[in-house]
Structures are given as C-alpha cells and as structure tokens.
Amino acid sequence: MISTLTRTFLRGLFAGLPVILSVYVLVWFFNLLDRMSKGLFTWILPSLKDVPGVGILVGVGILFVLGFLLNLPLLATLFTYIELPFRNVPMLKSVYSALKDLLDYFGKDSNSNSQVVVVQSPEGGPQMMGLLTRPNLQDLPPEVEDRDGTVAVFFPMSYALGGYTAFVPKTWIRPTQMKVEMVMRSALTAWIRK
C-alpha cells in the first residue's frame with residue numbers, strides 16, 4: 001500500500017516538476033525583464049508605471065531593436081568597445097566570455113555550423129555522441145599534436161550544465177543527421193527517453 005502511494009507520488013512529482021520549474025524560470029525571467037525595463041521606461045511616461053506587463057513589452061522591444069542595430073557594421077563595432085570592460089576585468093571576463101561563447105554557439109542560425117558526431121576508436125569500444133566544435137585545430141598552440149588530422153568534439157554531461165571537450169583524430173568521428181537540440185536534450189537526461 002505504502003509503496004503504491006510512494007510510486008504514485010513520485011510519478012506525479014517527476015511529471016510535474018519539469019513543468020513547474022520551466023514555468024518558474026520563465027516567470028522569473030519575465031519579472032526581471034519587467035522590473036529592469038519598467039524602470040528605464042517609466043521616467044519617460046510615468047503614467048504607465050502601474051500597468052502590468054508594460055516592462056515585458058518594452059524589454060522585448062529593446063532586445064529586438066538591439067538585435068536589429070547590431071546587424072549594422074558600425075554599431076556592431078561600437079558594441080565591441082562596450083564589451084571591453086566585460087572582457088578585461090579578471091573574474092568577470094571568465095564568466096562573460098564563457099556565456100557569450102555558449103550563446104553565440106547555440107544562437108547561430110539553425111546551428112548551421114554545428115555537426116552531431118559519433119566518436120569511436122577504430123579498435124572499437126564505447127561510442128560517444130558529441131558536437132563537432134572545431135573541424136581543424138590550426139590556430140591552437142604547437143603542443144597540440146597532429147593539428148591537421150585532429151578535431152575538437154564537445155561531449156555534454158548528463159544531469160549537469162557542462163561537459164568536456166576532447167581533441168580526437170578525424171578518423172574517429174562519423175557525422176549524423178541528428179539535430180543539436182535533440183542531442184543536448186537527450187544528453188541532459190542520460191539518454192533515458194526516446
């Protein structure tokens with residue numbers, strides 16, 4: 001009886017928790033966006049201070065305009081100067097650069113340069129699925145051996161936000177038709193689901 005109740009409770013928890021956490025993160029993000037942009041906007045039109053959701057609309061509008069402006073070469077160059085403090089302050093540059101690189105990688109149009117690959121040694125052994133992040137290593141230091149015949153593959157970790165990158169011979173990889181989003185989602189849950 002108790003094991004049936006526990007099993008039923010856990011089934012409900014595991015079904016509901018991803019939905020609850022996803023909604024919580026979305027609400028938190030939109031509340032943050034609302035507070036930040038409402039403060040910027042209401043000094044122009046104070047009458048909109050108490051209108052719910054105006055900050056979200058303004059925030060989304062600001063992000064859209066920023067994205068549009070960054071398509072212009074002159075403003076994109078200017079933005080690199082705005083980024084300078086974030087790229088040069090010792091602790092901040094590590095966090096900023098990592099986040100920017102990750103968002104740039106996954107923000108590419110349809111991840112056009114991303115390739116899901118299966119990695120396996122020619123002798124056999126376990127197969128690993130990863131993302132081909134560098135098709136060549138020409139610009140890496142000379143200590144990296146065989147830079148012509150080696151590629152960089154990122155292996156996402158299960159149940160964690162992270163992973164590791166390995167430099168493997170090109171002959172060890174086989175490209176797949178799988179989408180990057182599918183691999184990231186499946187890796188996050190240790191490939192438990194179909």
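Select R35 to start, inside helix α1, residues 2-41. Helices here are DSSP runs of H or I, at least four residues long, and strands are runs of E, at least two, with numbering from the N terminus. This is a predicted model, where local features need pLDDT of at least 70, side-chain atom pairs count only at pLDDT 80 or more, and totals for chains, interfaces and linings use all residues. Residues are numbered from 1 along each chain as its sequence is written, and side-chain values use heavy atoms, with hydrogens and water left out.

Stay on R35. This residue is exposed, at a relative accessible area of 54%. Exposed means over 50% relative accessible area, buried under 20%, and partly exposed in between (1.4 Å probe, protein chains only).

Next, the strands. Select β1 (residues 115-121) and β2 (residues 124-134): they run antiparallel and share six bridges. Two strands count as paired if DSSP finds at least two bridges between them. A hairpin of two residues links β1 to β2. Click V118, then its bridge partner in β2, M129.

Look for L131 opposite F154 of β3.

Finish at helix α5, residues 180-188, and select V180, V183, S186 and A187, which are buried. View α5 down its axis: the buried residues fall within an arc of 135°, so they line one face of the helix. That arc is taken from the directions from helix axis to C-beta atoms. Just past α5, A190 has a positive phi of about 60°.
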